[in-house]
Amino acid sequence: MGSHRTARAVIAAAVVTAITAAVVLIMGFAWSSGGDRAQVSYNAVDMRAQMLDNGDLRITQTFDYRLESRGTPWRQMFQQYTLSSDRLTTISDISVTDLTTGRTYTQDTVHSPSGYGDAGWDSECAGRWYIADITQSESHPDPFDPELDALTATAVGEPAQTKDVEIGWNIPSTRSAKSMRFELAMTWHGVATAYDDVVALEWEPFSALNSTPAARVTGTFAFPKGISESNSWAWLHTGAASETTRLDDGSLQFTVTDLPGGEYINVVVMAERQPTSAVSREQAGRMKQRILEQERQEARIASNARQREARGRLVIWLIPAVLALLLVVVALIGAKRACAQGRRHTEALEYWREPPDMSPAAAAALITDVMPGIQGSRDDRQMTSTLLSLVTKGAVAIYPGSAAGYRGLDLSRADCVSIGQLIASDPRREADAAGMCTLVIMPRVYTDRAGLQLCRSESALLDVLLRASERIGLPVFDFGQMQAALKDWRQGYAWLRGFEDACNAEYQALHATVPVGVGARMLGGAAMIASWLTAFIYTAAVGQVALALVISLPLLFAATFAAQVSPRQAFTAQGEAYADQVGGLMRYMEDFSEFGDRGVFDTVLWGRYMVYAAAFGISDKLMEQMERAYPQLADPEWANVHASNDGLVYWSARRRAMRARGGAFGMHGMHAGGSFSSMVSNSFSSVGSTIRDAMPQSSSSGSRSGSRSSGGGGSFRSGGFKGHSGGSGGGRGGAR
C-alpha cells in the first residue's frame, strides 16, 4: 500500500513540477524577449581597440543588429561620436563591411532615407557609407572631412572645442531582420595624453546617450608593444553586469551582459611612459597616483552600492524561499507521521475464501484504501459490482445483445441455455451480442421486493433502474435505450446521488478508517502555493529564471510529494479485520487456479466472486483463473448443464465462444478497461554576480576564474564598476 502511494506521489510531484517548469520557461522567455523590445537592438557587439605609439586608437567594431518590423523599412545604420579637442580630434581610415553578405561599402555623401522608394534606394544608395557633421542638426548634416575639419588638439583641462559626427551606412530596404552583421573599422586621433610619468586615455564606445540596447558586448583593448600587465593599468566603467580579464601583454578583455539603453561603457587605461613615447598631446605633471586614487575611490563607492543592492535582492529572494522551505519541511514531517499512522499494525491475511461481511459497494471503497493501485475508479466499481449483485439476487437479469433482438420474447421467463442457442444460431445476433447488453427487471421486484434482501446501495441502484424503466415504458431495455432515456432526465442526478449516498453510508457504517494527514496535506498545499509564488517572483518580478529552476522547482516537487504521499485514512482495529477480508479475497481470486482443494464448481459462490471481482477491478483476472481451474467451462455443452442456473456465471463462462470483442458477456466491458540558451545562461551569470557582490570585500578580494594575478595591481579584477563616464567618443548608435 505504501509503495503504491509513494509511487503515485512521486509521479504527481514530477508532473506538477514539469508543468510548472514549462510555465516558468515560457514566462522567462517572454520576459527575456520582452513585449517592450526596442525596435532596433544589438544581438551582440564585439570591439577591438589597438592603442598606437602616437596615442591614436585603431578601432574595429562588429555590430549584430536585430531589426523589428515597423511601418517603414529600415535603410540606414549609424554610429555617432563626439569629437573634443582635448581627447578625440578626428576620425579617419573608415571602412564598412557587410559581414552577412561580404560586401564592402564605398564612401558617399549623406542621403535621406525618406526621399526614395525601395527600388530607388536600393539601386542608388544602398552599399554606401558616409561621415557627416551633425553638430547643428541630425536631420540636416553638414559635410565632414577628417583632415580639413579635424579639431586642433588642446591640453586636458583647457577650454575644448567639440563636434558631433555621424558615421552611417545605407543598407538595402529591410522590413525586419533577426540578424544583420556589419564591421566598422576606423582610427581615432588625439585620444591619449602623455604626462611626466604615464600615458592615459579614456575610450567610451557607448555613452549614456546611447539608446540602443545590446544583449552582449565583448571588447579588447590592446597596448602598444613593450607594454605589459606589470606597467599598465585598465578599468572598465559600466553599470551593467560585466567581467574583465587582464592578459600577460597588458590587454584588457571585457564582457558586458544585457547593456540597456542609457547605460555607458567607458574604458580607462594608463601605462608607464616610455622614453620613446610618440604621443603628440603632452601635459606636464605626474598623473599616476591621482588616477589610481580616483579609480580606487570610485571602485569602493561602486562596490558599496553594489553590495547594498545585492544584499537587498538576496533578502527579497530568500524570504519567500525560506518560507516555502519551512512549509515544505513541516509538511514532510507531517506526511511522515501520517504515513506511520496509516501503516497497518497487523499482518495481513494471505487469503480469504468467503465473500466479505460487507456490501459490494463498501468493498469497492475499502479495497481502494487497502490497495491504492487498484484499477478503475471507485464510483465505476461500485456501480458495476452493485448491478451484478442485483443479478445474483434475482432482482434483474442481463442478456447479451440489444433489446430489439429479443422482441417477441418474454425474457422474464427465458432461460440462459435457450437464449445462448438462439444467439449462436444467428451470426447477426452474435455480432449484436458482442456490443450491447439488455437488462430485464424481474417480476419479483414488483411483487416481493423485501424477499430479495437487498442492502441499501442495491436498493438505491434498483430504484434508478426502475425510474429508467418508467421513462422507457418497458421493464426490458438495453443500455443504449437507458442512456438515451436518461440523457435529459433532470431529476436523474438526485436518484444517482441517492445511490452514491447509500454507498458512502454503507462504507461509513463499517467504521473501518479514521481521517489522518489533514495537516500534512494543508501544509503541503500551502508549501506548493509558496513555491509557485517564489517561481513567479523569481521569473516575472526579478527576471531570474535560474532561481526558479534551482530553488522553486525542487521545493515544489517536495511540497507536492508531501501533499500526495500522506494517506487520508488510517485503519481502525475493526477496519484492519475488514481489510484482511477484502485483501485476502482479492489475492485468493487472483491465485485461485493454484489451489488444489477448490472442490466442485459452485455457481452460487462463483456468482458472488464475480460481484466482488468487479468491486476490486479484477474481473478479467478472475475469469482467467476460473478458466484455468475449470477448463470444462470452455465447453458450451458443459456450461449448459452445470452453469445455466446462474445467468452471470453462464454468460461469463461462454464468453470465449460468443465473444466478438473483449469482455462483452461477462460485463467486463462495462468497467474495462533573446534565445532560450542565452536566457538561462544570462540568468545564471546574473545570479552568480549578485551573490558574489553581496559578499564582504574581505571575502571577495580574490579574482574570478580566468583572471590572472594582480601584477602591477592597477586593475579592478572582478568586472566593471559604476565609475565616471565621459571618455573619448561618447558613442551612440542606432538605425533609421
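A residue is called buried under 20% relative accessible area, exposed over 50%, and partly exposed in between, with a 1.4 Å probe and protein chains only. By this scale Gln453, at 65% relative accessibility, is exposed.

The model is predicted: local features need pLDDT of at least 70, side-chain atom pairs count only at pLDDT 80 or more, and totals for chains, interfaces and linings use all residues. Residues are numbered from 1 along each chain as its sequence is written, and side-chain values use heavy atoms, with hydrogens and water left out.

**Stop 1: two loop residues with positive phi**

Select Gln453 in the loop between helix H8 (444–447) and helix H9 (456–472). Helices (H or I, at least four residues) and strands (E, at least two) are DSSP runs, numbered from the N terminus. The phi of Gln453 is near 55°, a positive value in a residue other than glycine. Most residues other than glycine have a negative phi.

Next, select His511, in the loop between helix H11 (492–509) and strand E21 (513–515). Its phi is also positive, near 50°. His511 counts as exposed, at 54% relative accessibility.

**Stop 2: the eight-stranded sheet**

Display the strands in the order E5-E4-E10-E2-E1-E13-E16-E15, an open sheet of eight strands with mixed pairing. Strand E5 (103–104) and E15 stand at the edges with a single partner strand each, so one side of each is left without a neighbour in the sheet. Two strands are taken to pair if DSSP finds at least two bridges between them. Strands of a sheet pair through backbone hydrogen bonds, either parallel or antiparallel.

Within this sheet, select strand E4 (residues 90–98) together with E10: the two run antiparallel and are joined by seven bridges. Thr90 stands opposite His189 in E10.

Move on to strand E13 (residues 214–222) and strand E16 (residues 252–259), an antiparallel pair with seven bridges. Here, Thr220 has Gln253 of E16 as its bridge partner.

Thr244 stands opposite Phe254 in E16. E15 and E16 form a hairpin with five residues between them, and Gly250 in the turn has a positive phi of about 90°.

**Stop 3: the four-stranded sheet**

Display the strands in the order E11-E12-E17-E14, an open sheet of four strands with antiparallel pairing. Its edge strands are strand E11 (193–194) and strand E14 (232–237), each of which pairs on one side only.

Select E14 with strand E17 (residues 265–272): six bridges hold this antiparallel pair. Ser232 stands opposite Ala271 in E17. In a regular strand the side chains alternate between the two faces of the sheet.

**Stop 4: salt bridges**

A search of the whole structure finds 20 salt bridges, each being a side-chain nitrogen of Lys or Arg within 4 Å of a carboxyl oxygen of Asp or Glu.

Select Asp118 and Arg175, whose side chains meet in a salt bridge at 3.6 Å, N to O. This pair links distant parts of the chain, 57 residues apart: Asp118 belongs to helix H2 (residues 118–124), and Arg175 to the loop between strand E9 (162–174) and strand E10 (177–189). Asp118 is partly exposed, with a relative accessible area of 33%; Arg175 is partly exposed as well, at 46%.

Now select Glu282 and Arg273, which form a salt bridge at 2.9 Å, N to O. Glu282 is partly exposed at 48% relative accessibility, and Arg273 is partly exposed at 27%.

Continue to the salt bridge between Glu293 and Arg300, at 3.5 Å, N to O. Glu293 has a relative accessible area of 39% and is partly exposed, as is Arg300 at 40%.

**Stop 5: a nonpolar patch**

Finally, select Ile11, Val15, Ile19 and Val23, which make a nonpolar surface patch of about 350 Å². Ile19 lies in helix H1 (residues 2–33). Patches are made of residues with over 30% relative accessible area and no salt bridge; like charges are joined within 9 Å, and nonpolar side chains (Val, Leu, Ile, Met, Phe, Trp, Tyr) within 5 Å. Accessible areas come from the Shrake-Rupley method with a 1.4 Å probe, and for residues only the protein chains shown count as cover.
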